[in-house]
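The sequence and structure are shown below.

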Amino acid sequence: MTSKEIIMGLCLLSLVLSMILMVIIRYISRVLVWILTILVILGSLGGTGVLWWLYAKERMSASAVETQIAKENLQALLIYAISATVFTVILLLIMLIMRKRVALTIALFHVAGKVFIHLPLLVFQPFWTFFVLILFWTYWTTVLLFLGTTGNPVPNEEGFVEFRMAGPLKYMWWYHVVGLIWISEFILACQQMTVAGAVVTYYFTREKRNLPFTPILASVNRLVCYHLGTVAKGSFIITLVKIPRMILMYIHTQLKGKENACARCMLKACICCLWCLEKCLTYLNQNAYTATAINSTNFCTSAKDAFVILVENALRVAAINTVGDFMLFLGKVLIVCSTGLAGIMLLNYQRDYTTWVLPLIIVCLFAFLVAHCFLSIYEMVVDVLFLCFAIDTKYNDGSPGREFYMDKVLMEFVENSRKSMREAGRGGGAEGRELKPMDIDICWGKEVEAVSALLCPNNLRSLITVLSFWRKTFHFRESHRPE
């Protein structure tokens, strides 16, 4: 209580730092991503080199004095050095494979910064979600207290009164717990749907000056009028996975120290599998909400379409989730460290405060929560932009009548990719063969359009178009026949 002014000031500082970081990421995204990538590679190489150096040094010193402890240390250093070497080799291979896809992550982060400039109300989305969650949790606690005093009052042996429930009231606890999980997930899903709708509106508006006055409110209106069932179904699927995991965690807590090693291992494995399944379904649900915002389809259709798009762009998804999430995590660490450092300086200036631990813990936890809320919105915007970009490049090729909707930064990325594809195609490399199906799909798409036009009467020119595309497609296949 004596340091409440400093705690409130530091919490406000973490809020300001989170907003500043969101602006900075947009302008230095290219430099920041490459700096982090280089630091990770150098750190991995340096750590591996140090371990091998320690192993060599320990081996030279152990040759003079042969003891059991020295042998164990030497063996441990060898294992660590080999493990670090394997990790470094895998990391370098991953970086080598994804080096061209890091550019897409940089472009998406740059466009995400523009989204927040055109849609400033997105910054306040975590506040509204947190406010609604607080209201619901207050209501849930109130109902819980009513359930605790429901039933017939019966005096016990100690002279107190117990409320013993009978009949269906005994099972109201389960209903109440399921409601807590489902509605909490429903509120979070509403936030994802709102953000997805606003970002989709921004992306597929060619002239950004023609954006609606309040895209966020327009997205909320579409959510309430058309997509509440979609959000409810997606959140219910998460609930079906989360409840068994919580039950297993409760059983593991109750049986701690009583079960054998095999049962404990199987229980932890089940909990881990359910946790992984929950994270995968959460990510798929978020992309399903984006597909719903784009196509206005139901949940199952949107989830199938989103899954197909993600599978087709698996390497890009991996690059965005690894590089982007790592960069945002470092941003959270930066905000927490900066807030904690400022707290130490302020508490050191005020000599009356002798206990720093509790205020600093409160401030750091709040700073991490604030940074997570803001940067999770940033991450959500990047994921929505990626799905829009993937759909845009799948159905449009930049030709007249099929122009791209994407930003200039993303268009530069596409042009560079096409240039690399043409160079790889002339070289006959593996990447050229990998990208050929996209060109075949474009040829067949134009052929289908010409056939459709042929069905119309008095359109003889379409016959010539069909024959021309048949000839070009056959020539493309013959010239690119794999060896």
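Are Lys 242 and Glu 185 buried or exposed? Lys 242 is buried, as is Glu 185, where buried means under 20% relative accessible area, exposed over 50% and partly exposed in between (1.4 Å probe, protein chains only).

## Basis of the model

The model is predicted: local features need pLDDT of at least 70, side-chain atom pairs count only at pLDDT 80 or more, and totals for chains, interfaces and linings use all residues. Residues are numbered from 1 along each chain as its sequence is written, and side-chain values use heavy atoms, without hydrogens and water.

## Salt-bridge network

The structure holds four salt bridges, each defined as a side-chain nitrogen of Lys or Arg within 4 Å of a carboxyl oxygen of Asp or Glu. Glu 185, Lys 242, Arg 245 and Glu 278 are linked in a network of such bridges.

Between Lys 242 and Glu 185, the closest N and O atoms are 2.8 Å apart. This pair connects helix H8 (residues 228-254) with helix H6 across 57 residues; helices are DSSP runs (H or I, at least four residues), numbered from the N terminus.

Glu 278 bridges to Lys 242 at 3.3 Å between the closest N and O atoms, and to Arg 245 at 2.9 Å, N to O. Glu 278 lies in helix H9 and Arg 245 in helix H8, so the latter pair ties together parts 33 residues apart in sequence. Glu 278 is buried because its relative accessible area is 6%; Arg 245, at 13%, also counts as buried.

Note on methods:
Helices (H or I, at least four residues) and strands (E, at least two) are DSSP runs, numbered from the N terminus.
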